[in-house]
Each structure stands twice: as C-alpha cells, then as structure tokens.
Amino acid sequence: MGKQARLPSLRRRLIWQLLALSAVLALSLYFAVRVGAERASEATLDAVLGAAA
C-alpha cells in the first residue's frame with residue numbers, strides 16, 4: 001500500500017486564501033490613505049503659502 005500525499009483540508013486552504021486577500025486589501029487601503037493624506041496636506045500647505053504671499 002502506497003502512501004497518499006496528504007492534501008490540506010478545504011478549511012485550511014480557504015483560511016489561507018482569506019488571510020492572503022485580507023493582507024492585500026489592508027496594504028491597498030494603507031497606501032490609498034497614505035497617498036490621499038499626502039495630497040491633502042500638500043494642498044493645505046499650498047493654500048497657506050498662497051494666503052501668506
């Protein structure tokens with residue numbers, strides 16, 4: 001009798017997929033917020049410097 005390769009359970013594969021998707025979404029959200037905050041702060045600084053001139 002040969003040994004069968006033990007496949008990971010469906011639950012384990014779905015958990016890994018969920019974790020990977022969650023990590024991708026978290027990174028996407030992080031960079032989206034970071035870019036938005038950077039643009040907003042730059043616009044604010046430009047407005048302040050424009051008002052001071």
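View 1. Helices (H or I, at least four residues) and strands (E, at least two) are DSSP runs, numbered from the N terminus. This is a predicted model, in which local features need pLDDT of at least 70 and side-chain atom pairs count only at pLDDT 80 or more, while totals for chains, interfaces and linings use all residues. Residues are numbered from 1 along each chain as its sequence is written, and side-chain values use heavy atoms, with hydrogens and water left out. Along its principal axes, the C-alpha trace spans about 85 × 15 × 5 Å. The radius of gyration is 24 Å, whereas a compact globule of 53 residues would have one near 10 Å. That radius is taken over C-alpha atoms, and the globule rule is 2.2 Å times the number of residues to the power 0.38.

View 2. Of the 53 residues, 0% count as buried. Buried means under 20% relative accessible area, exposed means over 50%, and partly exposed lies in between (1.4 Å probe, protein chains only).

**View 3. Ile15, Trp16 and Leu19 form a nonpolar patch on the surface.** Together they have about 340 Å² of accessible area. Patches are made of residues with over 30% relative accessible area and no salt bridge; like charges are joined within 9 Å, and nonpolar side chains (Val, Leu, Ile, Met, Phe, Trp, Tyr) within 5 Å. A salt bridge is a side-chain nitrogen of Lys or Arg within 4 Å of a carboxyl oxygen of Asp or Glu. Ile15 sits in helix H1, residues 10-52, and counts as partly exposed because its relative accessibility is 43%.

View 4. Rings of Phe, Tyr and Trp (its six-membered ring) pair if their centres lie within 6.5 Å; planes under 30 degrees apart count as stacked, over 60 as edge-to-face and the rest as tilted. The ring centres of Tyr30 and Phe31 are 5.1 Å apart with planes at 70°, so this pair is edge-to-face. Tyr30 is partly exposed at 45% relative accessibility, and Phe31 is partly exposed at 47%.

**View 5. Ser9 lies in the segment before H1.** Its relative accessibility is 41%, so Ser9 counts as partly exposed. From Ser9 to Arg34 is 25 residues in sequence and 38 Å in space, C-alpha to C-alpha.

Key
Areas by Shrake-Rupley, 256 points an atom, 1.4 Å probe, with all protein chains shown as cover.
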